[in-house]
Amino acid sequence: MLWLLRSAIVIIYPRTSLPGAADCGLDAHLLKFKRETPFLIWAGTVLGALVFHFTPLFTVYLPLPAFLLPAKLADRHAAKITSTNVYLVRQAVFLVKLCAGLCWGADPEVRKRFALPPLKADPGTWRTS
């Protein structure tokens, strides 16, 4: 399921004038996220990726999963599905955006572009404190 989540994140956070999610150590982040996240959050995030990939029929009117869409249609799908009026769908995809944002926002290059200092190394103590 990691590849499905990864491909949804790469579509939602594409490379522009800023680094995309794929440029921010996404694979390592996803492994750490899976290892450290409670099961229900992980399950909801994977469910959000499934919803993201299998709803282009309703947003761009093509019966293809999002990972098979051309870049322009994938971008249009991402914009529409993240702003849908169907609350449950929007919230499921929001979990994918949350996971992606944790990775993207912590990247030193992204932080530098926003004139923010790099984050300190994770002490790894949050589960034991």
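Biologist: With a relative accessibility of 69%, does Ala-115 count as buried or exposed?
Modeller: This is a predicted model, in which local features need pLDDT of at least 70, side-chain atom pairs count only at pLDDT 80 or more, and totals for chains, interfaces and linings use all residues. Residues are numbered from 1 along each chain as its sequence is written, and side-chain values use heavy atoms, with hydrogens and water left out. Buried means under 20% relative accessible area, exposed over 50% and partly exposed in between (1.4 Å probe, protein chains only). Because Ala-115 has a value of 69%, this residue counts as exposed.

Biologist: Where is Ala-115 found?
Modeller: Helices here are DSSP runs of H or I with at least four residues, and strands are runs of E with at least two, numbered from the N terminus. Ala-115 has a phi near 60 degrees, a positive value in a residue other than glycine. In terms of the helices, Ala-115 belongs to the segment after α7.

Biologist: What is the relative accessible area of Tyr-61?
Modeller: Tyr-61 has a positive phi, near 60 degrees, although the residue is not glycine. This residue lies in the loop between α4 and α5. Tyr-61 is exposed, and its relative accessible area is 60%.

Biologist: How many salt bridges does a search of the whole structure find?
Modeller: A salt bridge is a side-chain nitrogen of Lys or Arg within 4 Å of a carboxyl oxygen of Asp or Glu. One of them joins Glu-109 to Arg-113, at 3.1 Å from N to O. Over the whole structure, the number of salt bridges found is four.

Biologist: Which residue forms a salt bridge with Asp-27?
Modeller: The closest N and O atoms of the pair that includes Asp-27 are 2.6 Å apart. Asp-27 lies in helix α2 and its partner in helix α1, so the bridge ties together parts that are 21 residues apart in sequence.

Biologist: Why are Glu-109 and Arg-113 separated by about one helical turn, and which helix holds them?
Modeller: Glu-109 is partly exposed at 32% relative accessibility, and Arg-113 is partly exposed at 45%. The separation is about one helical turn because the two residues are four apart in one helix, namely α7.

Biologist: At what angle do helix α1 and helix α2 pack?
Modeller: Axes are lines fitted to C-alpha atoms, for helices over the stretch in contact, and angles run from 0 to 180 degrees between N-to-C directions. For α1 (residues 2-12) and α2 (residues 26-36), the axes are 11 Å apart. The two helices are oblique to each other (angles under 35 degrees count as roughly parallel, over 145 as roughly antiparallel, 65 to 115 as roughly perpendicular and the rest as oblique). The packing angle is about 125 degrees.

Biologist: Is the crossing of α2 and α6 left-handed or right-handed?
Modeller: The axes of α2 and helix α6 (residues 87-106) come within 10 Å and cross at roughly 125 degrees, so α2 and α6 are oblique to each other. A crossing is left-handed if the near helix is turned anticlockwise from the far one by less than a right angle, and right-handed if clockwise. The crossing of α1 and α2 is right-handed. The crossing of α2 and α6 is right-handed.

Biologist: What C-alpha to C-alpha distance separates Leu-26 and Cys-99?
Modeller: Leu-26 is found in helix α2 and, at 2% relative accessibility, counts as buried. Cys-99 is 73 residues from Leu-26 in sequence, and the distance between them in space is 9.8 Å.

Biologist: What distance separates the C-alpha atoms of Ile-12 and Ala-74?
Modeller: Ile-12 lies in helix α1 and counts as buried, with 16% relative accessibility. Ala-74 is 62 residues from Ile-12 along the chain, and their C-alpha atoms are separated by 8.5 Å.
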